[in-house]
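This report is written to be read beside the sequence and the 3D view. Please keep both open while going through the sections.

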Amino acid sequence: MEVIRARLSNLQQRHSTLRDKLTNAYPPHRDFDENMEVCIIMAGETERVFLEGESWNDDVITELQRRIWENGSTTRGEEDQDIQEKPELDEKPGESQSVTYQLHRKMIRGVSGGQISVRFDTGFGDEKYESYYCVLTSSSATDKLHVTEHSIPFFLPLRELEKAHLTTSPKVFIDYIGDILQAYVSRREQVREIKETKGESIGELYHSLSFSLIELMLKEPDYQVGVSLAYYNLKSELPTQSSVIAWSRPAELRPQTATKRQATTVHSSAFHLPKAEAFLLTIPLPKALDELLADLRATIGSPQSPAVIEATSLLPAETAL
């Protein structure tokens, strides 16, 4: 068993290292991001138009696309042009490059080559996190836009959203991408926060690359608690489905200081915590775990008999699955 545990631990460490590399937003797109940031910095010297409410609509992109082509931009569709060429601002920008549109967590600007650059900003709490970029291109002033370059993580459904929304509504596409990027960063930082603040209480923690599936096990003196969260709506920082199951720890793994009364209130089978499952759907994960542990400790510490606790506060796991 010790050999198996050692091998499993090594495998988990390798998996964690690989996962961190894949979820690192910077190295794969550093050059592209730096080039796009130069464009944004240069845009700071031009007129900015702040959009909100009904002023942000598909007509904004349509007009920007028209102005780009009317000011002499050329297509990148020629066969002898390098597909990896980075978009740059003209040395003497025309009207299409003279306006930068800014709205909540997004910045939109026309660049040379018949292209539109979109920057998506993200944050968590009061902190600002990384920005992502997406370049939209068309072959004429009236042609449909398509994505040519981007720094959006590969595990988010960019291409599916492009096919579903970009040709019919650029606004919907841009808003959707911004929402899923912000939600992804929020879920990621929630997990990072609980690892930093509750590391001693977490026995195991697993998550998908997009943090749309999160599994963790919490360790209590007499109990272990398994938490499973599924985020079917990628635009949400809160889970769509939650499951919380608690079960007693083997007697040999419990602290020796456990009292006799505590030992008598330990349930022999796994049970759900429906109250905890409910508030996991409504509040961010770090605060939800605090509420979960408080609910568990209050329930287990109740002076009622095990039978009364089982009947009034808890649901048997097998009936809720």
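## Basis of the model

This is a predicted model, in which local features need pLDDT of at least 70 and side-chain atom pairs count only at pLDDT 80 or more, while totals for chains, interfaces and linings use all residues. Residues are numbered from 1 along each chain as its sequence is written, and side-chain values use heavy atoms, with hydrogens and water left out.

## Overall chain

The chain has ten helices and twelve strands. Helices (H or I, at least four residues) and strands (E, at least two) are DSSP runs, numbered from the N terminus.

Of the 321 residues of the chain, 45% count as buried. Buried means under 20% relative accessible area, exposed means over 50%, and partly exposed lies in between (1.4 Å probe, protein chains only). Among contacts between residues at least 6 apart in sequence, 57% join residues at least 24 apart; a contact means heavy atoms within 4.5 Å.

## Helices α4 and α5

Two packed helices are described by the angle between their axes and the distance between the axes. For helix α4 (residues 158-166) and helix α5 (residues 170-197), the axes come within 8 Å and cross at roughly 155°. This angle makes α4 roughly antiparallel to α5. Axes are lines fitted to C-alpha atoms, for helices over the stretch in contact, and angles run from 0 to 180 degrees between N-to-C directions. Angles under 35 degrees count as roughly parallel, over 145 as roughly antiparallel, 65 to 115 as roughly perpendicular and the rest as oblique.

The crossing of α4 and α5 is right-handed, a term used if the near helix is turned clockwise from the far one by less than a right angle. On the α4 side, the contact is made by L158, L161, E162, H165 and L166, which meet P170, V172, F173, Y176, I177 and I180 of α5. By class, the contact of α4 with α5 has nine nonpolar residues, one polar and one charged. Ala, Val, Leu, Ile, Met, Phe, Trp, Tyr, Cys and Pro count as nonpolar, Asp, Glu, Lys and Arg as charged, and the others, Gly among them, as polar.

## Helices α5 and α8

Helix α5 also pairs with helix α8 (residues 285-300): their axes come within 8 Å and cross at roughly 45°. That makes α5 oblique to α8. Q190, V191, E193 and I194 of α5 make the contact with L285, P286 and L289 of α8. By class, five residues in the contact of α5 with α8 are nonpolar, one is polar and one is charged.

## Salt bridges

Side chains of opposite charge can pair when their charged atoms come close. Searching the whole structure gives ten salt bridges, each a side-chain nitrogen of Lys or Arg within 4 Å of a carboxyl oxygen of Asp or Glu.

Which residues does R66 pair with in salt bridges? One partner is E63, with the closest N and O atoms 2.2 Å apart, and another is E70, at 2.5 Å, N to O. R66 and E63 both lie in helix α3 (residues 58-70), three residues apart, about one turn of the helix. R66 and E70 are four residues apart in α3, again about one turn. R66 is partly exposed at 30% relative accessible area, E63 is partly exposed at 31%, and E70 is exposed at 56%.

D175 is buried at 16% relative accessible area, and K171 is partly exposed at 24%. Elsewhere, salt bridges that share partners join E130, R188, E189 and R192 into one network.

## Loop residues

F155 lies in the loop between β6 (146-150) and α4 and is buried, with a relative accessible area of 18%. F155 and L209 are 54 residues apart in sequence and 6.9 Å apart in space, C-alpha to C-alpha.

Most residues other than glycine have a negative phi. R105 has a positive phi, near 60°, in the loop between β2 (99-103) and β3 (106-111); R105 is partly exposed at 32% relative accessibility. F211 also has a positive phi, near 60°. The loop holding F211 runs between β7 (202-207) and β8 (213-219), and F211 is buried at 5% relative accessibility.
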